[in-house]
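Hello,

Here is the structure we talked about. My notes on how some of its parts pack follow below.

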Amino acid sequence: MWIVAYALRHRYSIAVLAILIVLFGLTSARRMSTDILPSVDIPSINLVWTYTGLDASEMTTRVTSFSELAILNNVDDVREVRSDTANGITVIKIDFQPYVEIDEAMSQVVSVSQTILRRMPPGTQPPLVVRYSRSSAPILQLVLSSDSLQEAQLFDYARIQLRAQIQTIPGIRMTLPYGGAARQVMIDLRPQALQTYGLSAADVSRALSAQSLTLPSGVVRERGREMQVSVNASPTEVAAFEQLPIREVNGRVILLRDVATVRDGAAVQTNMARLNGQNAVMVSILKLGGTSTVDIVNQVMARLPDIRAAAPEGLAIEPLFDQSVFVRAAIDAVIKEAVIVALLVATVVLLFLGSWRSTLIVLTSIPLALLTSIACLHAMGHTFNLMTLGGLALAIGILVDNALVEIENINRNLDMGKPLDQAILDSARQVAFPEFVSTLCICIVFTPVFLLTDVASYVFTPLALSVVFAMAASYVLSRTLVPTLASLLLRAGNARADEQRDARGALAAVHARVEGRLERVRHAYAQAFPRLLRRKATLAGATLALIGVGGITAWSLGEEFFPAADAGLMRLYLRAPAGTRLEDTARLFAEIQRDIRALIPADELQFIGESIGAVEPINRAWVDSSMVGSFDGELLMQLASGHAPTAGYMADIRRML
């Protein structure tokens, strides 16, 4: 009981402790990131090999299999290796054991990949090695559209200017633009002209490689001047490309303009994005690791007005998918439920204790215990999410126990006529062990959560920690803060009578009615209990029946990692026949969009259509190997905020298709 005696002798120290808890708790709450789920930081690396023009079967046999074998044989602590291969691209996903240092693993993968590069098909580019985190998910999509800029210009603006304006926000990664094509000098060969001069496409390629070079130069020092010398080895204008010589035929030098048309255009388009049926370019913003989804989206939205003002005339930049809306709604729902729980707890405690002083003491310890848990979670690197907030909301009802038992026992000892300090010490001595066992049992209930592995460990451990920290803080506060507040607020002698007089009659009357009804319930139970004991077979049968019904119900329930949620978003995947051209796939999407518009009011739906080519861009979140050699299509529809859930619309769309 030394801690209780210390608290009674050093009230100011306990007050300082409470103030420190408030300060550290509020500071931690302000600094903690906010996200929908906890960060899942399983060591994983993505290895991306590219070889433009090589079909999927050749990529599999010559690149994918060889790289996987080299990784398995030479990289330590590999847990799993899997790959997705399409035309010209291979994505190898390497998962490591949980204890692996990702930096060391990445260096091993890079060194192995560089070693086997010489044994790859000639012309294979070095792979892209990227650290992968399951928590690094797209949280915001921006769509750029214009009625005056070409798709190549939109692509370059998104890739250069927009990236420079957004990429400086900490904790984000911006993908390459989706839709449009990179601006570049295009050389369109004329087959008939090549045949006339006896040339081939390879001859033109060799001539371009030999005459479009970046060569070092030097300086010329003459008298008192030093002049830089430039080498005219690489054309700087489209017209200069037309003057490049290809070959001499019958004494005539064949220039590039004789066999081809040179233009400032765009690369061959392999994917297309449309917003409400119009050509557009889309970029996705990914959050990295444990950064806050809400903070990132807020910073991007704060910069959008300045970005729009500096953009070329006629360029529109609009957010399409905003995950922070769903995050805020989910977090607000949890906080709302927690507030309701706290109010209900306060009401019940007030009615059953019948004393606003005792109720104030009990309710003071609850927020301090929650703030202590928040500070501990922040110190361990956790975030505000559904799991941590759910654990705190769960703990609110349990946190009342320690303080409530303590304050009720103090009132009981005061009613026995003991002095105030003696009543507090005796009460603490009487309930110390029961409170400790109760708190320990609740904490032990969550012990199996810490034995989970893989994704489940990262998701559910924060929930268990939030409850355990809050319960431990609640027990300590019941030994320190509650006795201190009791010595300040409660009165010696008949405490209940004094406090009921303070309530001016209203609270005392309600409390008396509650106590009377509880007494009748206790009396009825005392009379019924002996009769139940005489009918043991009936009682056992009813118990077994309830257990059986519960078991059958549990057996019939479905199994899901997370409950279903309606985020107001629909994804409709369409696949055109293998070999369908990109333009034909886009026309198919346009027809489907028109049909869907006839079903759903225009003000309730936004469209973003994506026609995906056979060569998947690196920034795609998935690569489907069954799409090899074909063109795939994806139509993404997003409901405007505030409208009805998407379930009804989904049924209409299924019937239409």
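Helix H12 (residues 356-379) and helix H15 (residues 454-479) have axes that come within 8 Å and cross at roughly 135 degrees. Helices are DSSP runs of H or I with at least four residues, numbered from the N terminus. Axes are lines fitted to C-alpha atoms over the stretch in contact, and angles run from 0 to 180 degrees between N-to-C directions.

This is a predicted model, in which local features need pLDDT of at least 70 and side-chain atom pairs count only at pLDDT 80 or more, while totals for chains, interfaces and linings use all residues. Residues are numbered from 1 along each chain as its sequence is written, and side-chain values use heavy atoms, with hydrogens and water left out.

H12 and H15 are therefore oblique to each other (angles under 35 degrees count as roughly parallel, over 145 as roughly antiparallel, 65 to 115 as roughly perpendicular and the rest as oblique). On the H12 side, the residues in contact (heavy atoms within 4.5 Å) are Ser 365, Leu 368, Ala 369, Thr 372, Ser 373, Cys 376 and Leu 377. Their partners in H15 include Pro 462, Leu 465, Phe 469 and Leu 477.

The second pair is H14 (residues 420-445) with H16 (residues 481-489), whose axes come within 10 Å and cross at roughly 155 degrees. H14 and H16 are therefore roughly antiparallel to each other. Here Leu 420, Asp 421 and Ile 424 of H14 meet Pro 483, Ala 486 and Ser 487 of H16.

Regards

Definitions and conventions. Helices (H or I, at least four residues) and strands (E, at least two) are DSSP runs, numbered from the N terminus.
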